[in-house]
Amino acid sequence: VIADPSNTPHEPANAVRICRSGVLAISYDVDMINPAFSQYHITPAQAKNLLPGRLSFYEDPDLLAMGITQAAVNSDAFSDDWNRGHLAPNHIISFSNVSKKSCFSMANIAPQAGYFNQQPWNALEGKVADWVASNEELFIITGVAYRSREAPTRTSNNIAVPDYYWKVLCQPTSGEAVGFYGYNNLTTKTTIDFVPVTDIEEIYGGSLLPTSMCKTAAVNKNYWW
């Protein structure tokens with residue numbers, strides 16, 4: 001899914017593509033000063049070999065080289081209420097020192113409501129990692145969406161605050177696919193789980209997974225957890 005250009009998910013008009021350490025494919029939304037999505041592939045062997053702990057966030061070197069604005073590590077856009085939300089999460093991507101570092105790039109970070117990030121979304125990320133470790137490889141895309149791209153909520157630094165976080169999974173052998181999303185606000189207490197990928201594509205505003213490979217229109221809930 002990552003390597004084949006024909007399978008690239010829909011990207012915003014002014015997006016730029018970044019590959020961090022050969023592990024993480026990021027579509028960076030220049031207009032929103034946020035990633036649109038991060039795309040990655042995880043195997044059971046990798047999910048069983050995750051390194052603990054956290055690393056320091058850093059400004060993305062490719063965005064710096066291109067002269068593209070990104071959120072500063074210490075931007076006041078981030079606080080206890082609004083966290084630095086990983087699209088590709090530290091937990092599942094930590095199968096090597098290199099892969100772990102890749103997810104702390106600010107190109108992989110968007111404002112995420114604190115409780116939503118630390119509780120329901122974190123729980124979802126843990127379930128995905130556990131499923132891979134006990135089952136099969138997955139292609140995963142995690143991204144954000146806005147109710148209005150023309151007039152999004154913005155921080156004092158002009159960083160857009162996403163209205164949604166979403167995640168889609170595809171198991172390439174079986175073709176089984178599923179979507180999850182949540183409302184990115186300070187009152188959200190849960191996620192909306194096990195929805196067709198087409199529902200996520202409607203929220204996002206474009207195609208995400210190839211129908212030739214993934215069953216995007218229906219969900220087999222018994223396949224997952």
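Guide: Rings of Phe, Tyr and Trp (its six-membered ring) pair if their centres lie within 6.5 Å; planes under 30 degrees apart count as stacked, over 60 as edge-to-face and the rest as tilted. The model is predicted, so local features need pLDDT of at least 70 and side-chain atom pairs pLDDT 80 or more, while totals for chains, interfaces and linings use all residues. Residues are numbered from 1 along each chain as its sequence is written, and side-chain values use heavy atoms, without hydrogens and water.

Visitor: How many aromatic pairs does a search of the whole structure find?

Guide: The search gives 16 aromatic pairs. Phe37 and Tyr204 form an edge-to-face pair, because their ring centres are 6.5 Å apart and their planes stand at 75°. This pair joins distant parts of the chain, with Phe37 in strand E3 (residues 34–42) and Tyr204 in helix H6 (residues 197–204), 167 residues apart. Helices (H or I, at least four residues) and strands (E, at least two) are DSSP runs, numbered from the N terminus.

Visitor: Are Phe37 and Tyr204 buried or exposed?

Guide: Both Phe37 and Tyr204 are buried (under 20% relative accessible area; exposed is over 50%, partly exposed in between; 1.4 Å probe, protein chains only).

Visitor: Why is the pair of Trp131 and Trp224 tilted?

Guide: The centres of the Trp131 and Trp224 rings are 4.9 Å apart with planes at 40°, so the pair is tilted. Trp131 belongs to helix H5 and Trp224 to the segment after H6, 93 residues apart. Trp131 and Trp224 are both buried.
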